[in-house]
Amino acid sequence: MSTCDHLTQAQNPAPRTPEGCEECLAIGSRWVHLRRCLSCGHIGCCDSSPNKHASAHFAQEGHPVVASFEPGESWRWCYIDDILG
């Protein structure tokens, strides 16, 4: 499997809002699946969710790698290189 420097250098920060998507919790919205930013621990909702907060966090902050924050899933995604790791 191909990889990228962003995936190999990703950190493992604690989730900032382990109870759910940070922005959805603040506005009372719902989400489908959750993603954890591996730069700062931001928890955002996936692109199948109405607000797409994980992608919005990448667009605003430039933090390249997220990990699934779903039970039983262990994959990571690099937004910059468009690759699963």
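**P13.** I looked up the burial of P13 first: at 19% relative accessibility, P13 counts as buried. I use buried for under 20% relative accessible area, exposed for over 50% and partly exposed for in between, with a 1.4 Å probe and protein chains only. The model is a predicted one, in which local features need pLDDT of at least 70, side-chain atom pairs count only at pLDDT 80 or more, and totals for chains, interfaces and linings use all residues. Residues are numbered from 1 along each chain as its sequence is written, and side-chain values use heavy atoms, with hydrogens and water left out.

P13 sits in the loop between α1 (5-8) and α2. Helices (H or I, at least four residues) and strands (E, at least two) are DSSP runs, numbered from the N terminus. I then listed the contacts of P13, where contact means heavy atoms within 4.5 Å. With neighbours within four places in sequence left aside, P13 is in contact with R36, C37, L38, S39, C40 and G41. For P13 and S39 I noted a C-alpha to C-alpha distance of 6.7 Å at 26 residues apart in sequence.

**G41.** Next I went to G41, one of the contacts of P13. G41 belongs to the loop between β1 (34-37) and β2 (43-45). Its relative accessibility is 0%, so G41 counts as buried. Not counting residues up to four places away in sequence, G41 touches P13, A14, P15, R16 and R36.

**N51 and K52.** Both N51 and K52 are in the loop between β2 and α3. N51 has a relative accessible area of 30% and is therefore partly exposed. K52 is also partly exposed, at 40%. I checked the backbone of K52 and found phi near 50°, a positive value in a residue other than glycine. For N51 I listed the contacts beyond four places in sequence: C24, I27, S29, R30 and C45. I also noted that the C-alpha atoms of N51 and P64 are separated by 19 Å, with the two residues 13 apart along the chain.

**Helix α3.** Which residues of α3 are buried? I found H53, A54, S55 and H57. The cover over the buried residues of α3 includes α2 (22-27), β1 and β2. After α3 comes G62, with a positive phi near 80°.

**Aromatic pair.** How many aromatic pairs does the structure hold? I found one aromatic pair. F58 and Y79 form this pair, which is stacked, with 4.7 Å centre to centre and 15° between the planes. The pair links distant parts of the chain, with F58 in helix α3 (residues 53-61) and Y79 in the loop between β4 (76-78) and β5 (83-84), 21 residues apart. For the record, rings of Phe, Tyr and Trp (its six-membered ring) pair if their centres lie within 6.5 Å; planes under 30 degrees apart count as stacked, over 60 as edge-to-face and the rest as tilted. F58 is partly exposed, with a relative accessible area of 22%, whereas Y79 is buried at 19%.

**D82.** D82 is in the loop between β4 and β5. Is D82 buried or exposed? D82 is exposed, because its relative accessible area is 56%. Phi of D82 is near 55°, a positive value in a residue other than glycine.

**Whole chain.** The protein chain has three helices and five strands, and from the N terminus on the elements run α-α-β-β-α-β-β-β. Buried residues make up 38% of the 85 residues. Of the contacts with a separation of 6 or more, 49% are between residues 24 or more positions apart. The C-alpha atoms fill a box of roughly 40 × 25 × 20 Å along the principal axes.
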